Amino acid sequence: MEVLRPQLIRIGGRVYRKNPIQEQTYQHEDEDDDCYQGLVECAEESCEGYEVVQTPQGFRCTLKAPSLLYKHIVGKRGDTRKKLEVETKTSISIPKPGQEGEIVITGQHRSGVISARTRIDVLLLTFRRKQPFTHFLAFFLNEAEVQERFLKFQEEVLEKCSMDHGVDSTIFQNPKKLHLTIGMLVLLSDQEIQQTCEMLQQCKEEFIDDISGGKPLEVEMAGIEYMNDDPGMVDVLYAKVHMKDGSNRLQELVDRVLERFQASGLIVKEWNSVKLHATVMNTLFRKDPNGST
């Protein structure tokens, strides 16, 4: 772990540092205890952004999470939940596996309820990051003219470079799938998919129509770059994307969409701006996994 660049986790408008722990290989069920120990210190500061309700019995806070992640709060043999409850002096109710619902935190002290909620959020975000991507936000660039020119590009490259090491037709993007990626998502429930659709509609109403003027943005793909500092180790080649009118409207639009989804937690914040590009060649597309890269 880079000492000067620790991993940061953003929750409720605050930033928490994930403390380093010794890296070992575990099954998911065995990871929870070690992960919990490494996260306790970074979650100690309470977050006042949570909605905590006072009840005749004390205080209560609820949150929703995909059922796939419940096991990481429970832990092996329930150990993680027990530690949370003991250390925060709370009671944590979690729906049964496979059932969607609310996680309910109750306790005599508001500070304890908030502490438990913060630690649960950190646990959920940590294990969400370990899930494979399920969806991505993108603009498709598959207009007929673009596809035709891309196929011409592919033809010329194969004509000139087919004898070069690792170059073959299978590493080219499918022309029907040419796209401009905004961000990758991990959506683990129907509710999160619905939330994403609603958020996109909100973006359209609040700023996309304003930036675009209610009309399609005209862009051009021009110039080639590679995704590596070492040209001898290139796996991805992409085309640069620009607005035809020379404006910055496309960059502004995608950056604001990215910011909105990062704030919601549906996209992990790793950068502040979208790198506008359209992948045209990628060795991961290769049909023969044993082929040369």
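In the predicted model, arginine 77 lies in the loop that links helix H2 (70–74) to helix H3 (79–88). The backbone of arginine 77 adopts a phi near 60°, a positive value in a residue other than glycine. The relative accessible area of arginine 77 is 60%; since residues over 50% are classed as exposed, arginine 77 is assigned to the exposed class.

A further positive phi, near 55°, occurs at lysine 89, likewise a residue other than glycine. Lysine 89 is placed in the loop between H3 and strand S5 (90–93). With a relative accessible area of 62%, lysine 89 is exposed.

An open sheet is built from 3 strands, arranged in the order S9-S10-S11 with antiparallel pairing. The edge positions are taken by strand S9 (219–226) and strand S11 (277–282); each has a single partner strand, and therefore one side of each remains without a neighbour in the sheet. On average, neighbouring strands of this sheet are turned by 25° against each other, with direction ignored.

Within the sheet, the pairing of S9 with strand S10 (residues 236–243) is antiparallel and comprises 6 bridges. In this pairing, tyrosine 226 is found opposite leucine 237 of S10. Tyrosine 226 is the residue at which the range of edge strand S9 (219–226) ends.

Conventions
Residues numbered from 1 in each chain as written. Predicted model: local features only at pLDDT ≥ 70, side-chain atom pairs only at ≥ 80, totals over all residues. Heavy atoms only, no water. Pairing = 2+ DSSP bridges. Helix = DSSP H or I, 4+ residues; strand = E, 2+ residues; numbered from the N terminus. Axes fitted to C-alpha atoms, helices over the stretch in contact; angles between N-to-C directions. Buried < 20%, exposed > 50% of the residue type's maximum accessible area, 1.4 Å probe, protein only.
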